[in-house]
Amino acid sequence: MADYDVLIVGGGIAGASLGAGIATERRTAIIEAESHCGFHATGRSAAFWLESYGGPQVALLSAASRDFLNEPTAAFSERSFLRMRGALHLTRGELPTLPDIVETRVVERIELERLLPGVRPEWRRALFEAGCSDIDVAGLHAAYLKQFGRRGGTIRIEARLESAIYSGGEWKVRLKDRSTVSAQVLVNAAGAWADPVAMACGVAPLGIAPKRRTVVQLRIGRTGLRDLPLVDDSDGTFYFKGEGDRTVWLSPHDEIDSDPCDAAPEEIDVATAIHRFERVVDWPIEAVERRWAGLRSFAPDRLPVYGFDPDAPSFFWCVGLGGFGIQTAPAASRLATSVLLGKRSYQSIEKIDPAIFSPARFVAAPAH
Ligand SMILES: Cc1cc2nc3c(=O)[nH]c(=O)nc-3n(C[C@H](O)[C@H](O)[C@H](O)COP(=O)(O)OP(=O)(O)OC[C@H]3O[C@@H](n4cnc5c(N)ncnc54)[C@H](O)[C@@H]3O)c2cc1C
């Protein structure tokens with residue numbers, strides 16, 4: 001018998017949330033290459049829930065996740081993971097078009113000055129998205145890992161998959177320390193390493209592209225910033241949000257192709273972020289307190305991928321979570337769990353068609 005029914009490669013939000021979903025029904029282990037599970041993208045996010053982000057299909061997953069994030073079951077967490085903030089999508093010209101399900105209202109210049117004191121004159125108006133919230137990412141990720149453990153799941157850190165072969169109805173996996181582990185089903189939840197992990201298993205890659213995003217924490221010479229809305233622009237060139245009373249998190253909205261790696265910010269992206277910020281508000285910048293970068297990984301159509309590979313036996317993809325992996329985690333976990341276990345059992349996702357996210361969508365239709 002194989003060591004496990006399911007072996008999940010990667011302990012970020014994808015692996016942790018899917019693991020928690022299946023662990024009651026399958027003997028499951030997560031193998032994580034690093035010394036702790038949130039080391040890469042999951043530990044570096046900007047931590048917001050923004051329903052309009054990622055287009056209409058992703059918005060369905062975000063919307064279906066909201067109730068659970070806001071009011072999780074008591075067994076999962078005693079506290080909500082969300083804190084209401086609101087978002088202002090600024091424009092110098094046309095207002096942005098957002099998915100139909102997102103509730104917004106137009107904010108004209110006079111109200112804009114009240115909501116964002118110090119906003120520069122060229123920003124004529126904005127769309128206000130009231131539902132935008134901060135997510136307690138560390139709390140959510142930890143709660144999934146805890147639930148996974150309570151349900152009998154095993155986590156092995158510093159356990160990097162080096163290669164795997166499928167034979168005799170199971171995956172035989174070799175780890176970096178040369179030990180081996182076997183499982184009937186292998187889940188690829190390796191984030192930026194999704195394609196290299198697939199290839200190490202002899203499975204054709206899907207074209208999952210890691211892209212670097214930079215965030216800086218600025219100290220500002222004014223107070224009262226913590227509760228201001230998230231601010232971005234209709235052209236997608238920056239976003240920032242109040243973090244402390246006098247600090248903001250700012251991103252230049254960069255999306256730079258990268259190999260999978262321990263991503264670090266580049267000076268040019270920090271400078272670009274600051275330059276763009278100074279064109280939005282007249283707030284004096286006192287210091288760059290922190291800077292970091294992470295990799296957001298996208299499938300060719302920028303939708304996430306959940307499902308069994310159509311050609312490789314018992315190889316399940318849970319990848320391509322782009323910039324929305326945290327805010328979609330509850331619905332994505334339920335969807336991936338139901339596909340992996342072969343049953344539809346969650347009311348919150350009953351209107352979402354799993355075929356949209358299946359890796360089968362990348363298989364070319366036969367020529368006639
Ligand atoms: C700057 C930034 C801001 C973001 N802001 C938001 C936001 O506001 N809201 C939101 O919802 N999302 C946001 N995201 C996106 C979100 O962080 C990601 O979608 C999500 O964390 C991806 O999770 P993951 O589990 O797929 O990847 P990861 O967290 O990267 O986990 C993959 C894991 O696989 C492990 N691994 C890789 N190869 C192997 C191997 N061979 N063997 C074993 N383990 C392996 C890695 O070590 C890693 O821990 C942001 C991302 C960034 C970078």
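Reader: Which residue has a polar backbone atom 3.2 Å from an oxygen atom of the ligand?

Author: This is a predicted model, and in it a polar backbone atom of I13 lies 3.2 Å from an oxygen atom of the ligand. A polar backbone atom of L321 is likewise 3.2 Å from a ligand oxygen, while for Q327 the distance from such a backbone atom to an oxygen of the ligand is 2.8 Å. Taken alone, the ligand would expose 1,000 Å², of which the protein buries 97%.

Reader: OK, and which residues come nearest to the ligand?

Author: There are 39 residues around the ligand, and those that come nearest are E32, T42, A46, G322 and Q327. By type, the shell divides into 22 nonpolar, 11 polar and 6 charged residues.

Reader: Which strand gives the largest share of that shell?

Author: That is strand 18, which contributes 3 residues. Strand 18 spans 285-298, and along with helix 1 (13-22) and strand 13 (209-220) it belongs to the elements that each supply at least two residues of the shell.

Reader: Switching topic: where is S338 found, and what is it in contact with?

Author: S338 is found in helix 7, which covers residues 329-341. If its neighbours within four places in sequence are left aside, S338 is in contact with K343, R344, S345, Y346 and I349.

Reader: And is S338 buried or exposed?

Author: S338 counts as buried because its relative accessible area is 3%, and the cut-off for buried is under 20%.

Technical notes. Residues numbered from 1 in each chain as written. Predicted model: local features only at pLDDT ≥ 70, side-chain atom pairs only at ≥ 80, totals over all residues. Heavy atoms only, no water. Near = heavy atom within 4 Å. Polar contact = N/O pair within 3.5 Å; in protein donor to acceptor, adjacent residues only side chain to side chain. Areas by Shrake-Rupley, 256 points an atom, 1.4 Å probe, with all protein chains shown as cover. Helix = DSSP H or I, 4+ residues; strand = E, 2+ residues; numbered from the N terminus. Nonpolar A, V, L, I, M, F, W, Y, C, P; charged D, E, K, R; others polar. Buried < 20%, exposed > 50% of the residue type's maximum accessible area, 1.4 Å probe, protein only. Contact = heavy atoms within 4.5 Å.
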